[in-house]
Amino acid sequence: MKRVALYARVSTTKQTDTSIETQLKTMREYCARKGWVVVDEFAEKESGGKVDRPEFKKMIANALAGKYDVILVEKFDRFFRDDIEDRRITRLLESKGVYVISALEGIDPT
């Protein structure tokens, strides 16, 4: 059974179509269908271009410490908008056996 951290993010208060609660609901339902256990949930109102996001940093530290098998996002652009930083962090996580998966985009890197 996979241990999962959910990560939801909005960059402006005007983003209602992809509200944090909507993202979390989508991800919880995805985990329920897969039989995965949600260990932590992280929500943030920060730009995806910023590296220094407090909840993101806490989640990555927990993942690298072995707390999760998967970081689940609704869509990959919620994780990171900077392609170089995204690949750097994703590769670091994958080296520890932690994968970033999108609930809606149908891509499973495992």
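Predicted model: local features only at pLDDT ≥ 70, side-chain atom pairs only at ≥ 80, totals over all residues.
Is arginine 78 buried or exposed? Arginine 78 is buried, with a relative accessible area of 3%. Buried here means under 20% relative accessible area, exposed means over 50%, and partly exposed lies in between, using a 1.4 Å probe and protein chains only.

Residues are numbered from 1 along each chain as its sequence is written, and side-chain values use heavy atoms, with hydrogens and water left out.

Now the layout. The protein chain has three helices and four strands. From the N terminus, the order is β-α-β-α-β-α-β. These elements are DSSP runs: helices are H or I with at least four residues, strands are E with at least two, and numbering starts at the N terminus.

Next, totals. The chain has 110 residues, and 40% of them count as buried. Accessible areas come from the Shrake-Rupley method with a 1.4 Å probe, and for residues only the protein chains shown count as cover. Take contacts between residues at least 6 apart in sequence: 70% of them join residues at least 24 apart. A contact means heavy atoms within 4.5 Å.

Back to arginine 78. Its salt-bridge partner is aspartate 77, with the closest N and O atoms 3.1 Å apart. Aspartate 77 is partly exposed, at 26% relative accessibility. The criterion is a side-chain nitrogen of Lys or Arg within 4 Å of a carboxyl oxygen of Asp or Glu. In general, side chains of opposite charge can pair when their charged atoms come close. The structure holds seven salt bridges.

In helix 1, lysine 25 and glutamate 29 are four residues apart, about one turn. Their side chains meet at 3.0 Å, N to O. Lysine 25 is partly exposed at 49%. Glutamate 29 is partly exposed too, at 38%.

Helix 2 covers residues 54-64, and there glutamate 55 and lysine 58 are three residues apart, again about one turn. That salt bridge is 3.3 Å, N to O. Glutamate 55 has 23% relative accessibility and counts as partly exposed. Lysine 58 is partly exposed, with 44%.

Which residues does cysteine 31 touch, leaving out those up to four places away in sequence? They are Val4, Leu6, Trp36, Val38 and Leu72. Cysteine 31 lies in helix 1, residues 20-34. Cysteine 31 counts as buried because its relative accessibility is 1%. Alanine 103 is 72 residues from cysteine 31 in sequence, yet their C-alpha atoms are 8.6 Å apart.

Last stop, the surface. Met1, Val37 and Val39 make a nonpolar patch of about 290 Å². Patches take residues with over 30% relative accessible area and no salt bridge; like charges are joined within 9 Å, and nonpolar side chains (Val, Leu, Ile, Met, Phe, Trp, Tyr) within 5 Å. Methionine 1 lies in the segment before strand 1, which spans 3-10. At 77% relative accessible area, methionine 1 is exposed.
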